[in-house]
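Please keep the sequence and the structure in view while reading.

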Amino acid sequence: MEKGILYGVGVGPGDPELMTLKALKTALGADVIAVPHKEPKKCTAFNIAVGAAPELAEKPILPVDMPMTKDQEKLERAYASGAQALMAQLDMGKTVCFLTLGDPTVYSTYLYLHKAVAAAGYRAVIVPGVPSFCAAAAELGISLCENGQQLHIIPGTYTPTEALHLPGVKVMMKNNLPETLSALRERNGSAAMVENCGMENQRVYPTLEQIPEDAGYFSLLIVKD
């Protein structure tokens, strides 16, 4: 039997209308929809995709639990278990569409599964999505970079004070917001933020003074020199 293909599909940041035509076509054509959550209905990426195409909810769903932890041993076990679950479907000749928030190549847990499945000899394909920082800049009506400006994408594990010394524009993703805001105020810096970009509970904060320290997990800060 010919083995199936794994597609890692980026659904964009939150607005179902920002899911690309290619992503939607891939998901609709798949035999199985895989989601990074043990409860699909609570999965943000799945809900975005269903918002774009409600019929996706009728397809067979494969939950792949990706725990929110920094425990490397737990993560490795989850990645190994997830890859095995995906390969079991591929061995049956199934085409599997793994939905992931934003773009699969930007701080996505999907890439760990992608590498494991590809290394085992299966075909794995990435379908890009609209990155959250591009959508956030659009909501704010600002550019991310102009002329010779550098653009830095900073993950939450990065020390804010160290990141703020980088030249150009800094995109702070899932960071320690109180610490970052404190560091910005000490530097008399400027920043804008979008919380839950593209989702129903989206909030836009055009200035540093407007940004609340208790904003949610899906908060993205754009800092300019």
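Predicted model: local features only at pLDDT ≥ 70, side-chain atom pairs only at ≥ 80, totals over all residues.

When residues up to four places away in sequence are set aside, the contacts of Leu90 are Lys3, Gly4, Ile5, Leu6, Val96, Val117 and Tyr122.

Nonpolar side chains tend to be buried together in soluble globular proteins. Here the largest nonpolar core holds 22 residues, and within this core Ile33 and Leu99 touch the most other members. Two or more residues of this core come from each of β1 (5–10), α1 (21–29), β2 (32–35), α2 (44–52) and β4 (96–100), with α2 giving the most, namely five residues.

Leu99 touches Val9, Val11, Ile33, Ala34, Val35, Pro36, Ala45, Phe46 and Ala49, again without counting residues up to four places away in sequence. Another core, of 20 residues, lies apart from the largest one and includes Ala83, Val96, Tyr110 and Ala124.

Which residues of α2 are buried? They are Ala45, Phe46, Ile48, Ala49 and Val50, and they pack against the strands β2, β3 (61–63) and β4.

Ala136, which is found in helix α5, has a relative accessibility of 1% and so counts as buried. Apart from neighbours within four places in sequence, Ala136 is in contact with Val194, Cys197, Leu220 and Ile222. Gly148, by contrast, is twelve residues from Ala136 along the chain, and the C-alpha atoms of the two are separated by 21 Å.

## The largest pocket

The largest pocket has a computed volume of about 1500 Å³. Its lining comprises 44 residues, and those that lie nearest the centre of the pocket are Met68, Tyr107, Thr109, Lys174 and Tyr217. Sorted by class, the lining is made up of 23 nonpolar, 15 polar and six charged residues.

## Cysteines

How many disulfides does the structure hold? The number is zero. Cys97 takes part in no disulfide, since the nearest cysteine sulfur, that of Cys43, is 11 Å away, whereas a disulfide would need the two sulfur atoms within 2.5 Å. Cys97 has a relative accessible area of 0% and is therefore buried.

Cys134 is likewise in no disulfide, and the cysteine sulfur nearest to that of Cys134 belongs to Cys145, at 8.8 Å.

## Backbone positions with positive phi

Tyr107, one of the residues that lie nearest the centre of the largest pocket, has a positive phi of about 50 degrees although it is not a glycine. Tyr107 is placed in the loop between β4 and α4 (110–119), and its relative accessibility of 48% means that it counts as partly exposed.

Asn196 is another residue other than glycine with a positive phi, in this case near 55 degrees. The loop that holds Asn196 runs between β8 (190–195) and β9 (203–205), and at 10% relative accessibility Asn196 counts as buried. A glycine with a positive phi is found just after α5, where Gly141 takes a value of about 70 degrees.

Note on methods:
Residues numbered from 1 in each chain as written. Heavy atoms only, no water. Core = buried A, V, L, I, M, F, W, Y, C linked by side-chain atoms within 4.5 Å. Buried < 20%, exposed > 50% of the residue type's maximum accessible area, 1.4 Å probe, protein only. Helix = DSSP H or I, 4+ residues; strand = E, 2+ residues; numbered from the N terminus. Contact = heavy atoms within 4.5 Å. 1 Å grid on protein atoms, 1.4 Å probe; cavity = no way out; pocket = protein on both sides within 12 Å on 5 of 7 lines; lining within 4 Å. Points joined across faces, edges and corners; volume = space filled by probe spheres on them. Nonpolar A, V, L, I, M, F, W, Y, C, P; charged D, E, K, R; others polar.
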